[in-house]
Amino acid sequence: MILPIYAFGHPILRKETEEIEDDYPELKKLLDDMFETMYHSKGMGLAAPQIGRNIRIFVVDTLQLDADDRDETASEFIKEVFINPIVIEESGDKWEYEEGCLSIPDVRGNVIRPPQIRIEYYNSDFKLIDKVFDGITARVIQHEYDHLEGILFVDLLKPLKKRFLKKRLDKIQKGITDASYRLIFK
Ligand code: NI
């Protein structure tokens, strides 16, 4: 089922998130819906607050960047579910990459982050994983992890760029966008 996405300005995106137990009701259905919603809106990642749930889950699919148009590099491209994740370490020389977010349609901006991330999480079978990711895969994980902390990529932009985007962000808050998918506004 395709779910509506909560847009920039909605308080759920800033709310604290909670860990879930392995008996969380209809978890499999929720994860399926999150992937379906992400594909429908052409995203590479989606976090639970974006579909209105303040729980610590996000999904990522960087496999979509298939070999032909893979400008971006990573040691590994993944389709994965991250439940109750904890970032253990970020490392390497920081790099800049233009990010976007399904909750902030038509807004993009360069964000500087470390290229490697070590993260501990439960997968969809509730198996504990401790793994290092890099490149574009790390980037998407970092962006989605931030959602669980109530952080949006626009918070991380340079002041000048933030000022430049202010009007557009104000419009989104007021529900003015031409996104091709359904959004929920404050
Ligand atoms: Ni996002």
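This is a predicted model: local features need pLDDT of at least 70, side-chain atom pairs count only at pLDDT 80 or more; totals for chains, interfaces and linings use all residues.
## The nickel site

Three protein residues donate to the nickel ion: C101 through SG, and H143 and H147 each through NE2. These donors lie 2.1 to 2.3 Å from the ion. Along the chain, the donors of the nickel ion follow the spacing C-x41-H-x3-H.

Both histidines belong to helix 2, which covers residues 135–148. Because H143 and H147 are four residues apart in this helix, about one helical turn separates them. With a relative accessibility of 7%, H143 counts as buried. H147 is buried too, its relative accessible area being 2%.

## The nonpolar cores

The largest nonpolar core is made of 33 residues, and I57, I104 and V154 have the most contacts inside it. Two or more residues of this core come from each of these elements: helix 1 (27–40), strand 3 (57–61), strand 4 (79–91), strand 6 (104–113) and helix 3 (159–173). Helix 1 gives the most, with six residues.

Leaving out residues up to four places away in sequence, I104 touches F8, L152, F153, V154, L169 and I172. Another core, of 20 residues, lies apart from the largest one. Among the residues of this other core are I78, V140, I141 and Y145. In soluble globular proteins, nonpolar side chains tend to be buried together.

## Strand pairing

Strand 4 has antiparallel partners in both strand 3 and strand 7, the latter formed by residues 116–122. The pairing of strand 3 with strand 4 runs over five bridges. In strand 4, K79 stands opposite D61.

Six bridges join strand 4 to strand 7.

## Helix 1

Helix 1 is 14 residues long. From its first C-alpha to its last it reaches 20 Å, close to the 20 Å expected at 1.5 Å a residue. Just after helix 1, K42 takes a positive phi of about 60°.

The buried residues of helix 1 are L27, L30, L31, D33, M34, F35, T37 and M38. Those buried residues pack against four strands: strand 1 (5–6), strand 2 (45–47), strand 3 and strand 4.

Notes
Residues are numbered from 1 along each chain as its sequence is written. Side-chain values use heavy atoms; hydrogens and water are left out. Donors are N, O and S atoms within 2.8 Å of the metal (3.2 Å for Na, K and Ca); water is not among the atoms, so sites may look incomplete. Buried means under 20% relative accessible area, exposed over 50%, partly exposed in between (1.4 Å probe, protein chains only). A nonpolar core is a set of buried Ala, Val, Leu, Ile, Met, Phe, Trp, Tyr and Cys residues joined through side-chain atoms within 4.5 Å. Contact means heavy atoms within 4.5 Å. Two strands pair if DSSP finds at least two bridges between them. The expected span of a helix is 1.5 Å times one less than its number of residues.
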